[in-house]
Amino acid sequence: MSSKTKITVAYGDGIGPEIMKATLNILEAAGAQLEYDVIEIGEQVYLKGISSGMEPKAFDSLRETKVFLKSPITTPQGGGFKSLNVTTRKSFGLFANVRPCKAYSPFVKTHFPKTDMVIIRENEEDLYAGIEHRQTQEVYQCLKLISQPGSEKIIRYAFEYAKKYNRKKVTCMTKDNIMKLADGLFHKTFDEIAKEYPEIETDHKIIDIGSALIAERPEIFDVIVTLNLYGDIISDIAAQVTGSVGLGGSANVGAEVAMFEAIHGSAPDIAGKDMANPSGLLNGAVMMLVHIGQPEIAEKIANAWMKTLEDGIHTGDIYQEGLSSKKVGTQEFAKAVIERLGQLPVNMVPAVFDKSSTDPINIKLAPVTKSEKKLIGVDVFIDWDKDGRDPNSIGDTLRKADANGLVLQLITNRGIKVYPGGMKETFCTDHWRCRFQKADQSPVTHAEVLDLMDQVAKLGFDFIKTENLYSFDGVRAYSLAQGE
């Protein structure tokens with residue numbers, strides 16, 4: 001290897017500087033061809049008044065190197081501080097979070113010694129768009145945004161990852177029995193893309209039973225692809241059941257930039273005590289080496305690290321009386337890994353990475369097919385807390401509104417139909433959805449919607465938002481009410 005790859009390095013907060021020093025020492029001893037551009041991130045940057053936790057020159061470094069090896073950071077308590085990880089993921093389009101969850105039994109305690117799964121999580125949208133509103137006294141809302149290209153990107157990435165790393169099965173997890181449009185899009189996209197990979201086994205699990213199975217039988221999973229929030233939750237479940245929360249590394253990958261890190265936090269309570277286990281960041285660095293086309297070095301480090309575990313040289317977090325041979329600190333653990341470079345584990349399966357293609361996984365999206373879009377109604381949301389919250393009082397009044405046949409069809413409260421024909425036992429808040437459509441569901445104009453809103457206001461109602469109702473190629477593109 002003649003040329004070195006320049007990467008951006010951040011030492012972070014808490015135990016960050018200690019584990020980064022240990023990790024870089026191992027990388028250099030293994031012969032990784034790297035140059036470092038060191039940036040400052042985290043607590044001290046936040047305290048300078050920079051809400052993102054990263055100075056502008058740090059973003060410039062990432063634009064140049066496109067590879068970020070990052071230690072954990074501390075976010076100061078109190079409001080106004082943005083998540084540095086979320087900022088980095090969204091700013092640079094790091095759409096795929098890749099988190100291997102593997103058991104290293106018996107050297108790390110676990111009830112599931114055969115576990116070896118990879119969770120691939122969509123990283124940019126879903127509820128993590130962070131779009132929230134409060135429009136009444138009682139109700140708060142958060143928008144869940146799922147896009148077709150966002151779903152396609154992460155699902156294609158999961159299948160390409162499985163192919164590159166010789167994985168046999170990809171499982172999709174959603175909650176599309178409830179969120180039939182948003183999660184339904186993800187599941188449908190998964191089924192369509194799966195047809196392009198007939199050599200890979202596929203299945204789908206509803207996220208609740210899927211999470212339970214990860215906790216009870218994690219060995220049945222190989223690669224899991226899922227939406228942002230679900231992936232965040234099940235990644236921690238999987239890491240916990242394998243016993244490797246402190247050992248796990250992760251990658252956040254985009255079309256151009258990629259970020260590699262440990263999955264744990266900055267652990268300020270043990271900072272500066274040479275106690276921290278550097279394995280999480282080291283495993284993130286191994287993923288980084290594969291990503292930048294140095295798989296041989298990645299193999300050498302991964303195998304030396306597993307041999308160190310097998311030889312019982314353990315930091316305090318994984319030390320076990322009767323199994324461990326020596327309890328060591330952060331830097332001594334790194335030294336032990338360095339001493340074993342070139343050796344292979346005996347009890348664990350040696351790491352082998354694909355060397356036939358050293359290019360990062362590249363995702364190309366299929367052309368978008370345009371559908372015929374028609375406006376066929378509108379949901380008008382109102383804030384109303386009168387007449388004992390009797391939905392009949394709202395409905396009978398709103399029935400007076402008529403914009404060229406655009407009239408009230410039903411009212412819901414928290415998604416359940418309460419008018420006409422609702423049940424008196426249904427608990428209602430001050431947040432009401434009032435659906436207006438023409439009787440034959442013929443197209444509606446924007447002028448008719450504006451006329452309707454004017455009539456609703458004149459009838460004495462505070463409308464707080466509207467949602468237009470569309471069909472695409474004649475197919476309804478909005479949810480029905482519960483009880484409709």
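Entry 1, ground rules. I am reading a predicted model, in which local features need pLDDT of at least 70 and side-chain atom pairs count only at pLDDT 80 or more, while totals for chains, interfaces and linings use all residues. Residues are numbered from 1 along each chain as its sequence is written, and side-chain values use heavy atoms, with hydrogens and water left out.

Entry 2, the sheet. I looked up the strand order and found an open sheet of 10 strands with mixed pairing, running β2-β1-β3-β12-β11-β4-β5-β10-β8-β9. Strands here are DSSP runs of E with at least two residues, helices are runs of H or I with at least four, both numbered from the N terminus, and two strands pair if DSSP finds at least two bridges between them. At the edges I noted β2 (34–39) and β9 (201–206), each of which pairs on one side only.

I followed β3 (residues 67–70) to β12 (residues 258–262), and the two run parallel, joined by 4 bridges. K70 has E261 in β12 as its bridge partner.

I checked the second largest pocket, whose volume is about 1100 Å³. A pocket is an open set of points on a 1 Å grid over the protein atoms alone, where a 1.4 Å probe fits, with protein on both sides within 12 Å along at least five of seven lines, and lining residues have an atom within 4 Å of a point; the volume is the space filled by probe spheres set on the points, which are joined across faces, edges and corners. Of its 43 lining residues, P100, K102, D116, R167 and F353 are the closest to the centre. Helix α9 supplies the largest share of this lining, 5 residues.
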